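Me: I am new to this structure. Please show me how to read it, one feature at a time.

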Amino acid sequence: MSDYPERIVCLTEEPTETLYLLEEDWRIVGISGFTVRPARARKEKPKVSAFLSAKIDKILDLEPDLVLGFSDLQAEIATELIRHGVEVHIFNHRSVDEIFQMISMLGGMIGCQEKTRALVDELRGGVEKIRAQAAALPKTPRVYFEEWDEPMLSGIRWVSELVEIAGGEDCFPELKEEALGKNRIIPDYETVIERQPDIIIGSWCGKKFRPEKVCERPGFDRIPAVRDNELHEIKSVNILQPGPAALTDGLQQLHEIIARWCDVSATAESR
(Lines give C-alpha, C1' and ligand atoms only; values in the text may rest on other atoms or scores of the structure.)
Protein backbone atom coordinates (compact mmCIF):
# COMPACT_ATOMS: atom_id res chain seq x y z
CA MET A 1 0.00 0.00 0.00
CA SER A 2 1.39 3.40 -1.01
CA ASP A 3 2.03 6.11 1.57
CA TYR A 4 0.22 8.59 -0.67
CA PRO A 5 -3.15 8.56 -2.50
CA GLU A 6 -3.09 7.01 -5.97
CA ARG A 7 -6.79 7.08 -6.81
CA ILE A 8 -8.05 10.66 -6.54
CA VAL A 9 -11.46 12.05 -7.46
CA CYS A 10 -11.58 15.82 -8.06
CA LEU A 11 -15.00 17.39 -7.57
CA THR A 12 -13.80 20.75 -8.96
CA GLU A 13 -11.41 21.81 -11.69
CA GLU A 14 -8.55 23.41 -9.78
CA PRO A 15 -7.06 20.24 -8.22
CA THR A 16 -7.36 18.52 -11.59
CA GLU A 17 -5.46 21.32 -13.33
CA THR A 18 -2.86 21.34 -10.56
CA LEU A 19 -2.26 17.59 -10.74
CA TYR A 20 -1.85 17.80 -14.51
CA LEU A 21 0.66 20.64 -14.15
CA LEU A 22 2.58 18.49 -11.67
CA GLU A 23 2.45 15.58 -14.15
CA GLU A 24 0.66 13.59 -11.46
CA ASP A 25 -2.57 13.22 -13.45
CA TRP A 26 -2.14 9.44 -13.45
CA ARG A 27 -3.54 9.57 -9.91
CA ILE A 28 -6.87 11.05 -11.07
CA VAL A 29 -9.70 8.53 -11.52
CA GLY A 30 -12.67 10.93 -11.69
CA ILE A 31 -13.33 14.62 -12.37
CA SER A 32 -16.05 17.27 -12.35
CA GLY A 33 -18.20 17.52 -15.46
CA PHE A 34 -17.42 21.25 -15.50
CA THR A 35 -13.70 20.64 -15.98
CA VAL A 36 -12.25 22.25 -19.09
CA ARG A 37 -8.62 22.77 -18.04
CA PRO A 38 -6.71 20.98 -19.29
CA ALA A 39 -8.88 20.07 -22.27
CA ARG A 40 -7.54 16.54 -22.44
CA ALA A 41 -8.81 15.76 -18.94
CA ARG A 42 -12.35 15.58 -20.32
CA LYS A 43 -11.26 12.90 -22.77
CA GLU A 44 -9.13 10.92 -20.36
CA LYS A 45 -11.08 10.93 -17.09
CA PRO A 46 -14.63 9.86 -16.19
CA LYS A 47 -16.93 12.69 -15.14
CA VAL A 48 -18.54 11.94 -11.80
CA SER A 49 -19.94 15.23 -10.49
CA ALA A 50 -21.37 18.63 -11.18
CA PHE A 51 -20.67 21.30 -8.57
CA LEU A 52 -23.62 20.85 -6.23
CA SER A 53 -24.26 17.19 -6.99
CA ALA A 54 -22.30 14.01 -7.57
CA LYS A 55 -22.82 10.45 -8.73
CA ILE A 56 -22.04 8.86 -5.39
CA ASP A 57 -22.35 5.27 -6.63
CA LYS A 58 -20.04 5.96 -9.55
CA ILE A 59 -17.47 7.55 -7.23
CA LEU A 60 -17.64 4.56 -4.89
CA ASP A 61 -17.15 2.20 -7.83
CA LEU A 62 -13.89 3.99 -8.60
CA GLU A 63 -12.61 3.08 -5.12
CA PRO A 64 -10.87 6.42 -4.47
CA ASP A 65 -8.38 6.78 -1.67
CA LEU A 66 -8.95 10.55 -1.68
CA VAL A 67 -11.74 12.85 -2.87
CA LEU A 68 -10.99 16.57 -3.23
CA GLY A 69 -13.63 19.31 -3.25
CA PHE A 70 -14.08 23.02 -2.68
CA SER A 71 -16.19 25.15 -0.34
CA ASP A 72 -19.13 24.66 1.95
CA LEU A 73 -21.34 24.24 -1.11
CA GLN A 74 -19.98 20.71 -1.48
CA ALA A 75 -20.51 19.81 2.16
CA GLU A 76 -23.45 17.49 1.44
CA ILE A 77 -21.46 15.54 -1.16
CA ALA A 78 -18.56 15.28 1.28
CA THR A 79 -20.83 14.11 4.10
CA GLU A 80 -22.37 11.37 1.97
CA LEU A 81 -18.96 10.08 0.87
CA ILE A 82 -17.62 10.18 4.43
CA ARG A 83 -20.58 8.08 5.54
CA HIS A 84 -19.40 5.50 3.01
CA GLY A 85 -15.92 5.52 4.53
CA VAL A 86 -14.23 7.63 1.85
CA GLU A 87 -11.34 9.95 2.70
CA VAL A 88 -12.44 13.49 1.76
CA HIS A 89 -10.71 16.84 1.87
CA ILE A 90 -12.62 20.04 1.15
CA PHE A 91 -10.49 23.09 0.38
CA ASN A 92 -12.01 26.43 1.30
CA HIS A 93 -9.50 28.92 -0.09
CA ARG A 94 -10.70 32.41 -1.04
CA SER A 95 -7.63 34.59 -1.55
CA VAL A 96 -4.59 34.63 -3.84
CA ASP A 97 -2.33 33.57 -0.97
CA GLU A 98 -4.72 30.76 -0.12
CA ILE A 99 -4.65 29.53 -3.73
CA PHE A 100 -0.90 29.11 -3.38
CA GLN A 101 -1.47 27.38 -0.04
CA MET A 102 -3.96 25.00 -1.66
CA ILE A 103 -1.46 24.04 -4.36
CA SER A 104 1.28 23.48 -1.76
CA MET A 105 -1.02 21.43 0.44
CA LEU A 106 -2.14 19.26 -2.48
CA GLY A 107 1.49 18.62 -3.39
CA GLY A 108 2.16 17.53 0.17
CA MET A 109 -0.83 15.20 0.13
CA ILE A 110 0.67 13.26 -2.78
CA GLY A 111 4.28 13.40 -1.58
CA CYS A 112 5.51 15.71 -4.35
CA GLN A 113 6.75 18.67 -2.34
CA GLU A 114 9.77 19.43 -4.52
CA LYS A 115 7.84 19.53 -7.79
CA THR A 116 5.08 21.50 -6.12
CA ARG A 117 7.52 24.06 -4.74
CA ALA A 118 8.85 24.59 -8.27
CA LEU A 119 5.31 25.06 -9.61
CA VAL A 120 4.41 27.53 -6.86
CA ASP A 121 7.63 29.48 -7.50
CA GLU A 122 6.81 29.64 -11.21
CA LEU A 123 3.26 30.82 -10.56
CA ARG A 124 4.41 33.39 -7.99
CA GLY A 125 6.98 34.67 -10.47
CA GLY A 126 4.26 35.21 -13.06
CA VAL A 127 2.06 37.06 -10.58
CA GLU A 128 4.92 39.30 -9.47
CA LYS A 129 5.84 40.08 -13.08
CA ILE A 130 2.30 41.33 -13.70
CA ARG A 131 2.35 43.27 -10.44
CA ALA A 132 5.55 45.04 -11.52
CA GLN A 133 4.14 45.85 -14.97
CA ALA A 134 0.96 47.20 -13.37
CA ALA A 135 2.95 49.42 -11.02
CA ALA A 136 4.39 51.18 -14.06
CA LEU A 137 0.98 52.09 -15.49
CA PRO A 138 0.22 55.83 -15.43
CA LYS A 139 -3.32 55.53 -14.06
CA THR A 140 -5.45 53.20 -11.96
CA PRO A 141 -8.91 52.59 -13.43
CA ARG A 142 -11.94 51.78 -11.30
CA VAL A 143 -13.05 48.25 -12.18
CA TYR A 144 -16.47 46.73 -11.65
CA PHE A 145 -16.19 42.94 -11.90
CA GLU A 146 -19.59 41.30 -12.29
CA GLU A 147 -19.77 37.61 -11.45
CA TRP A 148 -23.50 37.33 -12.20
CA ASP A 149 -26.16 39.60 -13.67
CA GLU A 150 -29.50 38.77 -12.03
CA PRO A 151 -28.94 39.60 -9.26
CA MET A 152 -25.78 41.60 -9.81
CA LEU A 153 -22.91 39.96 -7.97
CA SER A 154 -19.48 41.47 -7.40
CA GLY A 155 -16.25 39.47 -7.56
CA ILE A 156 -15.06 37.13 -4.82
CA ARG A 157 -11.91 37.91 -2.82
CA TRP A 158 -9.28 36.37 -5.12
CA VAL A 159 -10.82 38.19 -8.09
CA SER A 160 -10.73 41.51 -6.26
CA GLU A 161 -7.09 40.91 -5.34
CA LEU A 162 -6.20 39.98 -8.92
CA VAL A 163 -7.85 43.19 -10.18
CA GLU A 164 -5.55 45.17 -7.89
CA ILE A 165 -2.45 43.15 -8.85
CA ALA A 166 -3.31 43.77 -12.52
CA GLY A 167 -3.36 47.54 -11.98
CA GLY A 168 -7.00 48.32 -11.23
CA GLU A 169 -9.08 49.44 -8.27
CA ASP A 170 -12.00 47.22 -7.30
CA CYS A 171 -15.22 49.28 -7.16
CA PHE A 172 -16.59 47.12 -4.34
CA PRO A 173 -13.61 46.31 -2.08
CA GLU A 174 -15.87 46.11 0.96
CA LEU A 175 -17.59 43.04 -0.47
CA LYS A 176 -14.52 40.98 -1.33
CA GLU A 177 -14.31 39.42 2.14
CA GLU A 178 -17.79 37.94 1.75
CA ALA A 179 -17.31 34.25 0.91
CA LEU A 180 -20.99 33.64 0.17
CA GLY A 181 -22.39 34.92 -3.11
CA LYS A 182 -25.61 36.11 -1.46
CA ASN A 183 -23.54 38.55 0.60
CA ARG A 184 -21.95 40.06 -2.52
CA ILE A 185 -25.24 40.99 -4.16
CA ILE A 186 -25.42 44.61 -5.32
CA PRO A 187 -28.93 45.80 -4.46
CA ASP A 188 -29.68 48.15 -7.36
CA TYR A 189 -28.29 49.80 -10.51
CA GLU A 190 -27.74 53.13 -8.76
CA THR A 191 -25.19 51.54 -6.45
CA VAL A 192 -23.02 50.64 -9.44
CA ILE A 193 -23.62 54.02 -11.11
CA GLU A 194 -22.42 55.82 -7.97
CA ARG A 195 -19.10 53.96 -8.10
CA GLN A 196 -18.46 55.25 -11.65
CA PRO A 197 -16.38 52.34 -12.95
CA ASP A 198 -13.99 53.04 -15.81
CA ILE A 199 -14.05 49.38 -16.81
CA ILE A 200 -16.73 46.72 -16.47
CA ILE A 201 -15.64 43.09 -16.66
CA GLY A 202 -18.25 40.38 -16.88
CA SER A 203 -17.67 36.75 -16.00
CA TRP A 204 -21.13 35.25 -15.74
CA CYS A 205 -20.48 31.77 -14.45
CA GLY A 206 -21.98 29.29 -16.90
CA LYS A 207 -23.25 31.72 -19.53
CA LYS A 208 -21.93 34.26 -22.02
CA PHE A 209 -21.46 37.85 -20.90
CA ARG A 210 -23.83 40.20 -22.76
CA PRO A 211 -22.37 43.74 -22.73
CA GLU A 212 -25.34 45.12 -24.69
CA LYS A 213 -27.65 44.00 -21.88
CA VAL A 214 -25.47 45.80 -19.35
CA CYS A 215 -25.56 48.98 -21.43
CA GLU A 216 -29.38 48.84 -21.49
CA ARG A 217 -29.68 49.00 -17.70
CA PRO A 218 -31.42 52.23 -16.63
CA GLY A 219 -28.89 54.93 -15.82
CA PHE A 220 -25.85 52.98 -16.95
CA ASP A 221 -25.28 55.49 -19.75
CA ARG A 222 -23.90 57.74 -16.97
CA ILE A 223 -21.09 55.26 -16.27
CA PRO A 224 -17.68 55.99 -17.86
CA ALA A 225 -17.19 52.32 -18.82
CA VAL A 226 -20.45 52.33 -20.80
CA ARG A 227 -19.80 55.73 -22.33
CA ASP A 228 -16.33 54.64 -23.50
CA ASN A 229 -17.36 51.10 -24.49
CA GLU A 230 -15.06 49.54 -21.90
CA LEU A 231 -17.06 46.38 -21.27
CA HIS A 232 -15.12 43.14 -21.47
CA GLU A 233 -15.56 39.44 -20.80
CA ILE A 234 -13.18 37.09 -19.05
CA LYS A 235 -14.57 33.58 -19.22
CA SER A 236 -15.37 32.13 -15.83
CA VAL A 237 -13.11 29.12 -16.38
CA ASN A 238 -10.14 31.51 -16.50
CA ILE A 239 -10.91 33.57 -13.41
CA LEU A 240 -13.60 32.03 -11.19
CA GLN A 241 -11.80 28.76 -10.48
CA PRO A 242 -9.47 29.36 -7.50
CA GLY A 243 -6.47 27.60 -8.98
CA PRO A 244 -3.62 28.03 -11.47
CA ALA A 245 -5.93 29.36 -14.23
CA ALA A 246 -6.85 32.47 -12.22
CA LEU A 247 -3.19 33.19 -11.44
CA THR A 248 -2.13 32.87 -15.09
CA ASP A 249 -4.68 33.39 -17.86
CA GLY A 250 -7.16 35.24 -15.67
CA LEU A 251 -4.61 37.69 -14.30
CA GLN A 252 -3.00 38.19 -17.71
CA GLN A 253 -6.34 39.05 -19.31
CA LEU A 254 -7.17 41.48 -16.50
CA HIS A 255 -3.85 43.24 -16.96
CA GLU A 256 -4.22 43.45 -20.75
CA ILE A 257 -7.66 45.06 -20.38
CA ILE A 258 -6.39 47.57 -17.84
CA ALA A 259 -3.22 48.37 -19.79
CA ARG A 260 -5.24 48.99 -22.98
CA TRP A 261 -7.55 51.31 -21.03
CA CYS A 262 -4.50 53.27 -19.86
CA ASP A 263 -3.24 53.58 -23.43
CA VAL A 264 -6.63 54.77 -24.72
CA SER A 265 -7.04 57.16 -21.81
CA ALA A 266 -3.58 58.65 -22.36
CA THR A 267 -4.26 59.10 -26.09
CA ALA A 268 -7.57 60.83 -25.40
CA GLU A 269 -5.99 63.22 -22.91
CA SER A 270 -3.22 64.17 -25.33
CA ARG A 271 -5.68 65.36 -27.98
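Me: Which residues of α5 are buried?

Reply: Buried means under 20% relative accessible area, with exposed over 50% and partly exposed in between (1.4 Å probe, protein chains only). In α5 the buried residues are Val 96, Ile 99, Phe 100, Met 102, Ile 103, Leu 106 and Gly 107. They sit on the same side of α5, because they cover an arc of only 155° around the axis. That arc is taken from the directions from the helix axis to the C-beta atoms.

Me: What are these values based on?

Reply: This is a predicted model: local features need pLDDT of at least 70, side-chain atom pairs count only at pLDDT 80 or more, and totals for chains, interfaces and linings use all residues. Residues are numbered from 1 along each chain as its sequence is written, and side-chain values use heavy atoms, leaving out hydrogens and water.

Me: What span does α5 reach from its first C-alpha to its last?

Reply: The expected span of a helix is 1.5 Å times one less than its number of residues. Helix α5 covers residues 96-109, 14 residues in total, and reaches 20 Å, close to the 20 Å expected. Just after α5, Gly 111 takes a positive phi of about 75°.

Me: How many helices and strands does the protein chain have?

Reply: Helices (H or I, at least four residues) and strands (E, at least two) are DSSP runs, numbered from the N terminus. The protein chain has twelve helices and ten strands.

Me: How much of the protein chain is buried?

Reply: Of its 271 residues, 52% count as buried.
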